Every structure is written in C-alpha cells, then in structure tokens.
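Look at the model below and follow its strands and helices one at a time.

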Amino acid sequence: MTSRRHFLSLAAASAAAYAARPLLGAQPVTFDLLIRGGRVIDPVARLDAVRDVAIAGGRIAAVSANISGGAVDTVDATGKLVVPGLLDIHTHVGRSADGPGLVLQDGVTGWIDAGSTGADGIADTVAVARSSVQPGRVLVNIGRLGVVADGDTMDLARADVAAAKNAIAMHREFVVGVKARLSRDVAGANDYEVLRRAKEVASAFKLPVMIHMGQTQSTIPRLFDLLTRGDIVTHMFAPPPNAIVDDAGRILPAVLAARKRGVWFDVGNGQTGHMRWDTIEAIVKAGFWPDTFSTDWNTNSRTTGVVDLPNCMSKLLGYGMTVSQAVACVTSNAARPFPVFGGRGTLKVGAPADVALLELREGRFEFLDNYKNTITGRQRFFPAGTVLGGKRIARA
Ligand SMILES: [Zn+2]
C-alpha cells in the first residue's frame with residue numbers, strides 16, 4: 001500500500017517533471033536520446049546557442065530550442081558545451097588495443113594514427129583501427145620500420161617505395177595516407193628524398209602525405225615545394241631552426257603559398273620539440289592560425305602536457321582564438337582532410353550522431369609547451385561525456 005507521504009512525494013516529483021517537460025507524458029517516445037539545454041556549437045551551421053539535440057536511429061534528428069517529444073534516454077547538458085564528436089588527425093592510438101577506448105572518453109569519435117608503423121608493422125596498427133568502435137584510420141610511415149629510436153629513415157633504404165605501396169594495397173580501406181617524419185634526428189640529410197618518396201607512394205593512390213616538420217636539415221621552402229593540395233603539415237608551431245615564421249615575425253612566403261594551394265596546417269601537440277610559446281605567439285600574431293588541433297596522442301599523454309584533446313584545444317584561447325574557432329579546429333576542419341570523416345564534424349540533421357560534451361571551466365589553468373615553459377590561461381575545456389552513433393558512452 002502506498003503511504004500518503006510517499007504518494008505526495010511522487011505527485012510532487014511528477015509535477016516537477018511536467019513543469020520541466022510539459023508534454024512528455026502526453027507524447028509517444030520519438031527519439032532515442034535527447035541532449036537538453038546545452039550550449040550547442042556547430043561551426044558548419046554557424047550555431048552557438050542554447051539548444052536541445054535530438055537523436056534517432058544513430059543520426060541527428062533535430063536541433064532546436066525546447067524540443068518536445070519523449071526519448072528513451074535524456075541527458076541534461078545545462079552549463080555544458082554540446083559539440084560534434086571530436087576528430088583527432090594526429091595520434092598514435094593504433095599502438096595499443098585500448099587506445100580507441102581511452103580517447104573515446106575524451107570525446108574523440110574519430111582518429112588517425114600518424115605513422116606509428118611502416119610497411120613491416122602496418123598489420124598491427126590496422127588491426128587496432130579495425131577493432132575500434134569509432135572510425136580509426138592509419139597513415140603508413142614511409143620508413144618501413146615505423147617510428148624507431150635511431151631515426152625512421154636515417155638509413156635511406158628504409159624509405160622503401162615498393163614496400164609502402166604494397167602495405168597500402170593490402171589495407172586499402174584502412175590506410176588513408178603516408179607519414180614522413182623529417183626532422184634531423186629522424187631523417188638526417190635524407191629529408192628531401194624521403195619526402196619525395198612519400199609523395200611517390202601517396203600519389204599512386206591519390207592519398208595525402210602528412211609531414212612532421214621542424215628541426216629539419218633542408219629548408220622549409222625546399223621541402224614545402226613538394227607538397228600539394230590536401231597534404232598536411234603537422235607540428236606547425238615547431239620553433240627555429242625551420243619555424244614557419246622568420247625572426248622578424250613574418251610567415252615565410254613558401255608557407256603562405258602552401259596554404260593557398262590547399263595544404264593543411266596542424267598543431268600536433270606532442271611532447272618534445274614541436275611547440276614553444278614564443279614561436280606560437282609570433283605565428284598567431286602574424287595572423288596564421290591552425291586548421292586543426294591534434295594531440296600526437298600516446299598512452300602516456302595523461303601525464304604530459306598533452307593530457308587530452310580538449311586540453312590541447314584550450315591552448316590558443318588566451319591568444320585570441322574564440323571558443324567557436326577552437327571547436328571548428330577539432331570538428332568541421334578536422335573532417336576535411338580525410339574522406340572517412342566525410343559528413344562528420346557537424347550536428348546538422350542527418351549527420352552521424354557523434355557528440356562530445358565539454359565543460360568550459362573558468363579559472364587559472366597552466367598549459368605546457370614542449371620546452372617546460374608554462375602559460376596561464378583563464379579557460380580550459382574538459383571532457384564531460386561522449387555520444388557515439390547515438391549511444392551514450394559510459395565514463396570509465
Ligand atoms: Zn606523431
């Protein structure tokens with residue numbers, strides 16, 4: 001028997017529910033998931049406003065203020081950002097079987113492994129991509145041994161065109177480009193020839209090359225001359241020698257020309273040698289902003305200056321990048337270089353229902369470059385939930 005006190009509390013709870021969602025009881029369940037009341041940022045739709053997002057059949061079904069209609073599951077996103085699932089185009093997620101699940105917790109619903117393995121080990125990385133719950137793809141390292149301590153292509157014979165072509169042909173569905181790491185301690189004096197071979201492999205399959213720039217033996221104009229539309233420059237904030245900005249604060253003409261012909265510029269946070277605050281300041285002061293943020297993620301990223309993709313995308317807020325631009329760098333922009341992400345990076349109706357919930361906290365946050373220098377920022381993005389294909393991912 002229901003006690004009177006219990007009955008009253010039930011009535012109060014149901015009245016409160018009706019006040020919040022007046023028509024819920026009266027309408028059939030229409031949606032699988034309803035994300036209510038968050039600040040929805042969708043750069044493609046030029047939207048930045050408090051909205052509800054409704055999901056049905058693994059797709060975005062509606063985005064508008066106060067969506068009526070019931071849902072099987074509801075998320076209260078009040079006070080949070082609701083953005084398209086994050087895409088990280090430079091990671092090493094493919095190094096470990098648990099990589100995809102770990103970055104999914106950070107809101108990452110699509111990843112690219114950038115050259116962890118070359119032709120010899122590609123099957124292992126492809127296996128991780130194949131088993132990943134979110135779309136994961138792989139760039140084959142032009143050095144057939146992949147990333148190795150003594151330098152991927154210090155021995156030029158390792159930049160084996162035939163082996164790399166064969167690796168792509170064997171795994172056509174999962175290998176979406178070629179990675180060429182060009183710094184002095186990786187390629188030595190071979191950098192130009194290594195890039196030339198990487199282009200030879202990639203162009204045979206109409207795929208892009210991603211170059212790891214900075215601290216190279218050859219100059220930027222010489223190397224960038226080989227890059228064509230759709231190629232990607234990662235570690236764009238690498239300090240001198242061979243930064244993209246000169247001592248007088250001017251972006252090199254070869255860099256501006258590369259962007260103009262459709263080469264993408266990516267951050268590739270990483271841990272050593274890839275970003276220094278003074279170089280970053282000079283580059284953004286010259287008006288040259290990244291197309292994409294990426295982490296260069298590894299299983300140890302929690303304990304380095306990387307932490308997670310939301311942390312990396314917070315780092316330019318203090319330099320004048322807007323919240324919406326930072327979101328674009330890991331969603332709509334990041335969807336463009338790789339066809340696997342086509343149709344993603346947006347919350348438009350009909351898009352795959354991949355959503356990242358973020359908290360944008362205000363306070364004092366320390367951000368680390370790759371040289372142990374810190375800056376203090378007043379805002380930082382934190383992961384606060386992931387929806388993949390319309391399903392809420394449990395927090396670990
Ligand atoms: Zn990397």
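At roughly what angle do the axes of helix α4 and helix α6 cross? The axes of α4 (residues 161–170) and α6 (residues 191–204) cross at roughly 30° and come within 10 Å. That makes α4 roughly parallel to α6.

Some ground rules come next. This is a predicted model, in which local features need pLDDT of at least 70, side-chain atom pairs count only at pLDDT 80 or more, and totals for chains, interfaces and linings use all residues. Residues are numbered from 1 along each chain as its sequence is written, and side-chain values use heavy atoms, with hydrogens and water left out.

**The helix pair**

Helices (H or I, at least four residues) and strands (E, at least two) are DSSP runs, numbered from the N terminus. Axes are lines fitted to C-alpha atoms, for helices over the stretch in contact, and angles run from 0 to 180 degrees between N-to-C directions. Angles under 35 degrees count as roughly parallel, over 145 as roughly antiparallel, 65 to 115 as roughly perpendicular and the rest as oblique.

Which residues meet between α4 and α6? On the α4 side they are Val161, Ala164, Lys165 and Ile168. On the α6 side they are Arg197, Glu200, Val201 and Ala204. Contact means heavy atoms within 4.5 Å.

**The strands**

Two strands pair if DSSP finds at least two bridges between them. An open sheet of seven strands pairs in parallel, in the order β6-β7-β8-β9-β10-β11-β12. β6 (86–91) and β12 (264–265) stand at the edges, each with a single partner strand, so one side of each is left without a neighbour in the sheet.

| Pair | Bridges | Direction |
|---|---|---|
| β1 (residues 29–42) and β2 | eight bridges | antiparallel |
| β2 (residues 47–56) and β3 (residues 59–64) | five bridges | antiparallel |
| β11 (residues 232–234) and β12 | two bridges | parallel |

Arg39 has Val50 in β2 as its bridge partner. Val53 stands opposite Val63 in β3. Ile232 has Trp264 in β12.

Now look at the turns. The hairpin of β1 and β2 has four residues between the strands, and Arg46 in the turn has a positive phi of about 50°. The hairpin of β2 and β3 has two residues between the strands, and Gly57 there takes a positive phi near 60°.

**Two single residues**

Is Ala384 buried or partly exposed? Ala384 counts as partly exposed because its relative accessibility is 23%. Buried means under 20% relative accessible area, exposed over 50%, and partly exposed in between (1.4 Å probe, protein chains only). Ala384 lies in strand β14 (residues 374–388). Not counting residues up to four places away in sequence, Ala384 touches Lys80, Leu357, Leu358 and Glu359. Leu360 is 24 residues from Ala384 in sequence, and their C-alpha atoms are 9.7 Å apart in space.

Gly318 sits in the loop between α10 (309–312) and α11 (323–329). Gly318 counts as exposed, at 73% relative accessibility. Gly318 and Asp150 are 168 residues apart along the chain, and 37 Å separates their C-alpha atoms.
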